[in-house]
Amino acid sequence: MVREKRERGGAGDGARPPRSLRTHYLTLSSSLVRFVVHWTLPKSLEGYHQETGRAGRDGARAACVLYYSYADAVRARHMLTSSADELRAPADVRAANEASLNAMVAFCDEEVECRRGILLHHFGEPGGEALCRGTCDVCASGAAARAVTRDVSAAAAAVFRSASQRWMH
């Protein structure tokens, strides 16, 4: 009963709002959620976006944490394949599910591009990094500003020529 009151926002009895939300098992309509923690890899960016959107609905600061390792991607890919085989899913459904998982893995693996920008782009929304203002981990760390793109074709060609000469003669 106490848990129900807290999940509904306390019903005016002074109960504290929940401090974290494990969205796989609990759905809240409360605007008082401050933390969303994903212990495993969501299946898609759509699912991730929907779940993380529960934090900070009242405009106050909130945090979302996603714990990820590549083993999660391997496990999720195996589950998708097994389920598709068991249900005899059509090729287009398999491809769509695989594409969703690949987008989620790419999102997790990203170390330079603004994560909010990635999400906004995925959903066809304008704004990107300008709306982030350092709220994602990439922008907060300054990684995007440190990323340097330069053409190293000439250096690579020189290394290739040198290696070719050494091994061809």
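Reply: Helices here are DSSP runs of H or I with at least four residues, and strands are runs of E with at least two. On that basis the protein reads α-β-α-β-α-α-α-α-α-α-α along the sequence, with nine helices and two strands. Bear in mind that this is a predicted model.

Me: What makes H3 and H4 roughly antiparallel to each other?

Reply: Look at the angle. Helix H3 (residues 70-87) and helix H4 (residues 91-109) pack at about 170°, their axes 11 Å apart. Angles over 145 degrees count as roughly antiparallel, so that's the label this pair gets.

Me: Which residues in H3 and H4 meet?

Reply: On the H3 side, they include Tyr70, Ala73, Leu80 and Thr81; on the H4 side, Arg94, Asn97 and Leu101 are among them. The residues of this contact split into seven nonpolar, three polar and four charged.

Me: Why is Thr81 called partly exposed?

Reply: Thr81, which sits in helix H3, has a relative accessibility of 38%. Buried would need under 20% and exposed over 50%, so Thr81 lands in between and counts as partly exposed.

Me: How far apart are the C-alpha atoms of Thr81 and Arg94?

Reply: They're separated by 7.8 Å, with the two residues 13 apart along the chain.

Me: And how much of the whole protein counts as buried?

Reply: That's 25% of its 169 residues. As for the surface, the protein exposes about 11,900 Å², and carbon and sulfur atoms supply 55% of that.

Key
Residues are numbered from 1 along each chain as its sequence is written. This is a predicted model: local features need pLDDT of at least 70, side-chain atom pairs count only at pLDDT 80 or more; totals for chains, interfaces and linings use all residues. Side-chain values use heavy atoms; hydrogens and water are left out. Buried means under 20% relative accessible area, exposed over 50%, partly exposed in between (1.4 Å probe, protein chains only). Accessible areas come from the Shrake-Rupley method with a 1.4 Å probe; for residues, only the protein chains shown count as cover. Axes are lines fitted to C-alpha atoms, for helices over the stretch in contact, and angles run from 0 to 180 degrees between N-to-C directions. Angles under 35 degrees count as roughly parallel, over 145 as roughly antiparallel, 65 to 115 as roughly perpendicular and the rest as oblique. Contact means heavy atoms within 4.5 Å. Ala, Val, Leu, Ile, Met, Phe, Trp, Tyr, Cys and Pro count as nonpolar, Asp, Glu, Lys and Arg as charged, and the others, Gly among them, as polar.
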